[in-house]
Amino acid sequence: MSGNLDTSERIVLTTPDCPFDPVCAPSTETPAVRLRDARLSFGARTLWEGLDLAIAPGEFVAVLGPNGSGKTSLMRMLLGQIAPSAGSVEIAGSPARLGNPHIGYVPQQKTIDAGVQLRGVDLVGLGVDGHRWGPGWRGRKERRRKVSDAIEQVGAQRYAHAPLDALSGGEQQRLRVAQALVGDPRVLLCDEPLLSLDLANQRLVSELIDARRRGHGTAVLFVTHEINPVLPLVDRVLYLVDGKFRIGTPDEVMTSEVLSELYRTQIDVLRVRGRLVVVGAGEEAL
């Protein structure tokens, strides 16, 4: 495989009745995320090019690919931290930019250092304040309401006032999801939010994000190596690998052949109790 995309090898799989397919979606609906012929290069290296993608409000798209394929760089581009080398990137109909209020961001679970004087409500409140030095007296009541609503959405009321370093990884990650929701975003960008979580908390965090998109029509772009917890929730999958990409529904592209090529090792895709399960060569689920 070459480092640059050969358009003859670009595979875009869709179904005619897919409600999220940009080809068959109503032309009057503004996509939550829109990339047109986007390319990202760093010097002589092109991570991907010719990327056309429209994500509808309420659509859940998983982004897969090996390390170095450009998944996190795609997130940074949507956040306005880096510009595309070519093409255009839009969020809710406007060019991507830093500090976009339409975006909520859920990072991977990170260890909180012991002794950090930060409670759950403080972490969620940062999603309201951004880089401002507090909301001022007039905005404090509205700030409290937003923080309380976001904490309630993720079911974290019981420990929201506890110090972060006293909470489990799953509890901390719930609060990070609440932080992303506090601004009532139209797009949720999730960058490896399941990393370092056990299986139960992987499912919990995935389902919280899914509940938000179903209840509020929030589009979700979900970067992950932990495929199985999100498979039942995903509408489409975007693969990035070796400068190429593949887009399709899980049933279309979650195959042993495609994943074995993507990860460069033998991968088996099984159907268990009506659900797809991805198993690696060592018999461990990916």
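Arginine 213 touches Gly58, Glu59, Phe60, Thr218, Val220, Leu233 and Asp235, leaving aside residues up to four places away in sequence, where contact means heavy atoms within 4.5 Å. The model is predicted, so that local features need pLDDT of at least 70 and side-chain atom pairs count only at pLDDT 80 or more, while totals for chains, interfaces and linings use all residues. Residues are numbered from 1 along each chain as its sequence is written, and side-chain values use heavy atoms, with hydrogens and water left out.

Arginine 213 lies in helix H5 (residues 199-216); helices (H or I, at least four residues) and strands (E, at least two) are DSSP runs, numbered from the N terminus. The buried residues of H5, among them Asp210 and Arg213, pack against strand E4 (60-64), helix H3 (140-153), helix H4 (169-181), strand E8 (187-191) and strand E9 (219-223). Buried means under 20% relative accessible area, exposed over 50% and partly exposed in between (1.4 Å probe, protein chains only).

| Pair | N to O distance |
|---|---|
| Aspartate 210 and arginine 213 | 2.7 Å |
| Arginine 213 and aspartate 235 | 2.8 Å |
| Arginine 236 and glutamate 59 | 2.6 Å |

The side chains of arginine 213 and aspartate 235 meet in a salt bridge, and this pair links distant parts of the chain, 22 residues apart, with aspartate 235 in the loop between E9 and E10. Salt bridges that share partners join Asp210, Arg213, Arg214 and Asp235 into one network.

Note on methods
Salt bridge = Lys/Arg side-chain N within 4 Å of Asp/Glu carboxyl O.
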